[in-house]
Amino acid sequence: MEKTKNKSDNKHKNEKTLQKADSLRQKALYRQSLALLRSTQRSIGSADYENLYNCHILSGHNWRMLGDFGKAITHYEKAGLYAGKLEGQSRQADASASLALSHRAQGDWKKALALLLQSEKIYKKLNDEEALAFVLWSKGGTLRIKGDIEGAIKAFSEAKKIFTRLGDIHAAGYCLNGLGGALRIKGSYKSSLSNYTKANALFGQIKDPFGLAYSFCGIGNAMRMSGSHEEALAYFRKALRIYRRIGDIVSSSYTLWSTSKSLAILDKKALALRSLKEAEKLFGKTRDPRGKIYCLLSEAELKSAQGRVKTAVGLAQKALEAAKEHGFDVEACHASSLLDHLANGSKSTPSHKKSLKKPDCYKKLGLKKPDFSNLPVNIP
């Protein structure tokens, strides 16, 4: 009897500790949360599948936010194994959906989409609206990476509708951020700015540092695409301060790339190169193929400005090959269009512009084509 009571007490104690770890995670205190999870895992009994599941799923969430997707995948897969030992299908679906986000971050949107569709079927069967909305939000980001921007906008909008109906303004805020990004890629910069601004107000109100930084970066990118580069840089700095404080190298890398783009357009090439190299280093750490492609494109532009057109063409070709390999339709379109520009000369005169080829890949994808008449090109 005493032994059973001790097991029960220990299980209850671990449950409380895991709740504390989750609270730290929600405050973006990822490393503190991980430290608590590591110490807790050692005290969880081998047959306590529920706490083992929660420990691994939370560890996966923390590592994913810190940009170590390999460790996140390991924890999510372990969580999936423990989910199989528990009753019901919801935990298995949760583990699969979370696993999808890590594969997506490494550029494998096909595997991510397959996992999300599995989870979506289960959530629909269970009539779990909140979980279904999360999958729709996840699908939105996955379709965005694939290059299906209309599909991404639809998924984000549907997710936002459900979260709003359920009264989950926090999750609805992330849908606003997702919409802001998809609308920017489409070329709807005013709508993008509107969504990011709404998200910014919401995350400022509920004091979510990651959501706030995400929206700061988004506002900066919407301003960058509207030509307000100095204002954009101010928002990128705000985002970077928060990302660096919470240890988010994934988001920092994209913010640094955007910073580099605005600096290059303002003809501050030395500063642009510094930000680009820092972004490139972080993309290498997270093994993000999309990020590396964007860096290759920016580097090609900078080489072209130095008169090293042959090197620029090689970099743009490398970016195109990588984009095709991973099935990134938008990035492939950027790369092929840059190659077309470089092939026709990096300094186009008005008369020469007529001879430039006009790839229809943007039209095919339903996107506004950036101005490729001069470098650097302000791609979204």
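Reader: Hello! Where does Arg-245 lie?

Author: Welcome! Arg-245 lies in helix H12. Please keep in mind that this is a predicted model.

Reader: Why is Arg-245 called exposed?

Author: The word exposed is kept for residues over 50% relative accessible area. Arg-245 has a relative accessibility of 60%, so Arg-245 counts as exposed. As for where Arg-245 sits relative to Leu-302, the two are 57 residues apart along the chain, and 30 Å separates their C-alpha atoms.

Reader: Which elements give two or more residues to the lining of the second largest pocket?

Author: First, a word on the pocket: 13 residues line the second largest pocket, and Arg-237, Leu-240, Leu-256, Thr-259 and Ser-275 are the ones nearest its centre. The elements giving two or more residues to this lining are helix H12 (229-246), helix H13 (249-265) and helix H14 (269-286). H12 provides the largest share, six residues. The volume of the second largest pocket is about 230 Å³.

Reader: How do the residues of that lining divide into nonpolar, polar and charged?

Author: The lining of the second largest pocket has six nonpolar, two polar and five charged residues.

Reader: Let's turn to the cysteines. What makes Cys-333 and Cys-361 a disulfide?

Author: A disulfide needs two cysteine sulfur atoms within 2.5 Å. The S to S distance between Cys-333 and Cys-361 is 2.0 Å, and a disulfide joins them. By this rule, the count comes to one disulfide. The pair links distant parts of the chain, 28 residues apart: Cys-333 is in helix H17 (residues 329-343) and Cys-361 is in helix H19 (residues 361-365).

Reader: Why is this disulfide called right-handed?

Author: The torsion about the S-S bond of Cys-333 and Cys-361 is about 80°, so this disulfide is right-handed.

Reader: How do you know whether Cys-333 is buried or exposed?

Author: Buried means under 20% relative accessible area. Cys-333 has 2%, so Cys-333 is buried.

Notes
Residues numbered from 1 in each chain as written. Predicted model: local features only at pLDDT ≥ 70, side-chain atom pairs only at ≥ 80, totals over all residues. Heavy atoms only, no water. 1 Å grid on protein atoms, 1.4 Å probe; cavity = no way out; pocket = protein on both sides within 12 Å on 5 of 7 lines; lining within 4 Å. Points joined across faces, edges and corners; volume = space filled by probe spheres on them. Helix = DSSP H or I, 4+ residues; strand = E, 2+ residues; numbered from the N terminus. Nonpolar A, V, L, I, M, F, W, Y, C, P; charged D, E, K, R; others polar. Buried < 20%, exposed > 50% of the residue type's maximum accessible area, 1.4 Å probe, protein only.
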